[in-house]
Structures are given as C-alpha cells and as structure tokens.
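Morning, everyone. One structure today, and a quick walk through its packing.

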Amino acid sequence: MFIILTDKVSHRLKYALEEIFVHRLKKTYILTDDISQFQDNSSNVKIQYTSIYQSDLGGYWIQNNGFLYETEIHLEFKPAFVTYTIEKNDAFTDYINFILNKFPSNQFTDAFFTTKHSAYFPCNGFMPFDIFSLVFWKLSRYEEYQNYKGDKLGRFIYSQSLDAKNGIEPIPYIDIAIIYFANLLNIDLREIWRLKHSPTVDIDIAYKFLGRNIIRTIFSTLKYPKFLKSRIKTFFTRNDPYSWNNTVAQKFKFVENLHVFWLCSEKTNTFNKQVKLDYKNLLKDIKTSNQNFSVGLHPSANTGFTEWEKEKNWLENITGQKIYSSRQHFLILNLPETYQSLISLELREDWSMGYSDNIGFRAATSFSFRWFDLKKDIPTPFLINPFCFMDVTLKNYLKFTSEQSLKSINNLYDWISICGGVFCYILHNESLSSDSEWKDWQNLFENTINRGQN
Ligand SMILES: [Zn+2]
C-alpha cells in the first residue's frame with residue numbers, strides 16, 4: 001500500500017492516482033493532505049507530492065507544480081517536454097527476459113534501455129518528470145479542449161498534436177512511463193503484465209451489391225460499370241463479396257473477443273451508406289455476429305443524439321439486448337460533446353480513441369482508461385478503449401504498402417508486448433474481402449490477427 005501526501009486534494013489528482021495505482025499497478029493507496037497522518041503512517045510506502053520536499057517526513061518526492069490543482073482549462077497551455085533514459089537494474093533485466101521468453105523476436109527490448117523516452121512536466125524529485133501530471137495531461141485529452149484546427153472533418157489529428165511538434169512517435173509512452181515509475185517503487189512488473197488481443201471490425205456497408213433499393217442499384221451500376229460482371233453474378237448467387245460469411249466470419253473463425261460495430265443508419269449520403277435496414281440478410285448477419293462476438297453501435301456521422309438514439313434502439317431490438325459499446329463512424333469525436341451524448345444514451349464505453357491520419361496511440365496508452373470530463377472537471381466511469389491502427393489509415397492516409405504496414409504494426413506490437421497492454425485495431429468487412437481493392441492486404445490482416453492470438 002502507498003500513502004501520498006499532497007498540498008491539496010483535487011479531482012484531477014485523484015483521477016490520475018486511480019488510473020495509475022488502482023487500474024494499472026493494482027495497488028491501493030491513501031491520498032492525504034494531513035501531514036501528521038502521513039508522518040505517523042510507517043507501514044506504507046510514502047510519496048510526497050508537494051512543492052517542497054520535507055526531509056523529516058521521509059519517502060519519495062515528486063515535485064508538484066500545481067497543474068493538477070487547477071479546475072479550469074487554459075486554452076494556450078502546453079507542458080514542457082523532457083526526455084529520460086531507463087537504467088538497467090536487476091528487476092528490469094528479469095522483466096525484459098520475461099518478455100523475451102514470450103516474444104523472442106521483440107526488437108525493442110534493447111532499445112528500452114538505450115532510447116531516450118518522452119515525457120512532459122519535468123520536475124525535481126526521485127524521477128525526472130511529474131508522472132501524475134503527465135498521465136492526466138494525456139488521458140484527459142486536455143489538448144482536445146484547446147484551440148486546434150483539425151482535419152477537414154474537424155478531427156484531432158496526430159500531425160497537429162503537441163507530440164508531433166515535439167517529434168514524439170505515437171508509441172504508448174504513458175505505459176512506458178508507468179512501468180518506469182513502478183520499477184522505481186520496487187513493484188514486480190511481471191505480476192502486472194497482461195497482454196490482451198482486442199480486434200475490432202466496423203461494418204459501414206454490409207454488402208457490396210445487395211440490400212439496396214432499385215434506384216440506388218441503378219445509380220451504382222451506372223457509376224461503377226467495372227463491377228457489372230460481379231454485380232450480375234452476385235445478383236443471381238445472392239453471395240455478396242462483403243457479406244459477413246465471406247469476410248469477418250472467415251477471418252475471425254478462431255478469435256473470441258472480437259468487437260463488431262454496425263452502422264445502423266437508414267440515411268444514405270456521403271457519410272452514411274449502410275444498406276436498407278429492413279434487408280433480411282442484414283438482420284440475420286447482425287444476429288449471427290451477436291451470437292459469437294460482442295456487438296456495438298457505430299453511430300452515424302454528421303448527425304447527433306436524436307439519430308443515434310434511434311439507431312441504438314433499432315440495434316437493441318434486433319439483437320434483443322442492451323448495447324453498451326460504441327465507436328464513432330469516421331472516428332468523428334469532439335470532446336466533451338460526443339462522450340456526453342454517448343453517456344446520455346446509456347452507453348458505457350467508446351472505441352474511437354486513435355488517429356485517423358497516423359498509426360499509434362492518441363492518448364499515448366494502449367490500456368483502457370476512464371474518461372475525465374475536463375469541462376465539468378469530474379471523473380466519469382465511461383471507459384475509453386484505444387486502438388493503435390485502422391486499415392484505412394495505412395492504405396489511404398499513409399499510402400503504405402502492405403509490407404510497410406507489416407513493419408509498422410510489428411513495431412507497435414513489440415511496444416505493446418513490453419508494456420503488457422492491449423493490441424486493439426480497426427478493420428472493416430470491406431477490407432477483409434478479397435474481392436475489393438484490399439485483395440493484396442489479406443495476408444497482412446491474417447498475420448496481424450494471428451500475431452494477436454499468440
Ligand atoms: Zn465507419
């Protein structure tokens with residue numbers, strides 16, 4: 001158990017401590033602003049999180065510069081950047097051997113000790129940065145409440161982030177910082193390590209040709225004459241290249257914890273192109289997906305609460321159960337409005353926390369974390385599940401080949417395995433179809449799924 005002395009107790013500090021101690025390190029702690037309680041407490045490991053170190057009180061010290069005592073959002077604030085190296089000690093050597101035992105080809109186990117790791121909030125004390133402020137800064141997504149331009153859909157993108165400005169790769173550097181902190185506190189990292197595979201699929205368009213009304217079918221036939229042959233074939237065989245059975249069901253045959261997000265919008269426009277909601281094969285496929293996997297909502301883009309509520313009710317009706325998880329279509333996520341709407345819809349978790357323009361981690365962590373509503377200055381139980389890449393990002397935004405993608409995905413996987421985090425990514429039924437522009441990517445996706453299953 002740990003006891004932490006602070007000059008002041010605040011929501012932001014409590015949130016950072018909960019995320020670090022309870023959810024990551026699986027340790028209990030006491031937070032106090034009472035010096036005598038701290039002084040008398042000799043059975044716990046002591047940490048002074050104060051502006052000045054009081055040597056008579058003993059314990060570790062992290063210099064506190066007051067960031068977590070604030071309650072407002074400063075629109076221009078940017079924390080100072082700092083790098084640090086991790087010193088090799090016996091516990092870390094054991095830990096790295098433990099990783100190498102499981103993943104002999106891990107390329108970053110050596111780099112762990114030679115790389116300059118990134119952090120913010122440099123400070124005095126027993127470590128070179130204020131880990132509590134760092135974790136709060138990244139997990140609260142403070143930056144996304146500040147003035148940022150976003151891309152053409154208004155999305156927060158890596159190239160405009162403070163990390164990009166400081167030349168920080170979007171690796172899970174929060175997870176690395178927490179391991180570093182835990183090692184300084186003599187916590188056995190092997191006990192808290194738990195790598196998890198959490199693949200996800202979005203179904204924006206359930207079928208390539210089927211499930212449209214006659215007008216839409218005629219329009220598409222004229223727009224895409226190159227598909228005429230396969231369109232006719234599909235029409236007669238009723239076997240659609242994007243169907244559940246031809247894509248997701250095949251690729252994830254041996255995977256249990258897949259999350260599938262269905263777009264349930266009856267609108268058809270530039271952003272929302274789902275097939276007819278009363279198409280009987282769609283209903284059948286949603287039910288099948290729900291028998292084997294976890295089904296979530298994919299709220300339509302450029303709409304809002306009223307539409308999302310209709311879509312959620314419809315999906316609950318089809319699956320016959322309450323829906324608790326959700327991912328934003330096109331990853332359009334505006335804080336705090338989007339999460340406030342999802343919470344009002346009684347959703348409990350979101351899976352949109354990642355970049356559309358780059359691979360890697362938007363909140364610098366691969367672990368799930370609870371959302372802190374910065375506008376209201378309160379923690380919430382709403383869970384955020386970050387992902388590390390999306391298929392479309394690799395091919396369309398980064399213009400990677402599948403070979404380049406394999407290298408990047410393996411790099412990320414190596415970091416996640418060192419941190420014992422969650423390997424979560426986004427594919428689409430369309431990208432899992434060999435009858436699509438993704439046909440040369442099928443090996444990559446199979447490799448990725450197999451790697452996650454290790
Ligand atoms: Zn989508």
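The largest nonpolar core holds 107 residues, and Phe132 and Ala177 have the most contacts inside it. Keep in mind that this is a predicted model. Which helix gives the most to this core? Helix 7, residues 173-184, with 9 residues. Where does the core sit relative to the domains? Both domain 1 (2-192) and domain 2 (196-207 + 242-453) give residues to the core, so it lies between them.

Back to Ala177 for a moment. Leaving out residues up to four places away in sequence, Ala177 touches Ala119, Ile131 and Leu134.

Next, a helix pair. Two packed helices are described by the angle between their axes and the distance between the axes. Take helix 16, residues 402-419, and helix 17, residues 442-453. They pack at an angle of about 10°, and their axes are 10 Å apart. Angles under 35 degrees count as roughly parallel, so helix 16 is roughly parallel to helix 17. The crossing of helix 16 past helix 17 is right-handed.

Which residues make the contact? From helix 16, they are Ser402, Ser405, Leu406, Ile409 and Tyr413. From helix 17, they are Leu444, Asn447, Thr448 and Arg451. On spacing in general: an α-helix has 3.6 residues a turn, so residues three or four places apart point the same way.

Last stop, helix 10, residues 228-237. Is it well covered or hardly covered? Hardly: of its 10 residues, the count of buried ones is 1. Just after helix 10 comes Arg238, with a positive phi of about 60°.

How values were computed:
Residues are numbered from 1 along each chain as its sequence is written. This is a predicted model: local features need pLDDT of at least 70, side-chain atom pairs count only at pLDDT 80 or more; totals for chains, interfaces and linings use all residues. A nonpolar core is a set of buried Ala, Val, Leu, Ile, Met, Phe, Trp, Tyr and Cys residues joined through C-beta atoms within 7 Å. A residue is buried if 20 or more other C-beta atoms lie within 10 Å of its own, exposed if 12 or fewer, and partly exposed in between; C-beta atoms are placed from the backbone. Helices (H or I, at least four residues) and strands (E, at least two) are DSSP runs, numbered from the N terminus. Domain bounds come from an automatic or database domain assignment. Two residues are in contact if their C-beta atoms, placed from the backbone, lie within 7 Å. Axes are lines fitted to C-alpha atoms, for helices over the stretch in contact, and angles run from 0 to 180 degrees between N-to-C directions. Angles under 35 degrees count as roughly parallel, over 145 as roughly antiparallel, 65 to 115 as roughly perpendicular and the rest as oblique. A crossing is left-handed if the near helix is turned anticlockwise from the far one by less than a right angle, and right-handed if clockwise.
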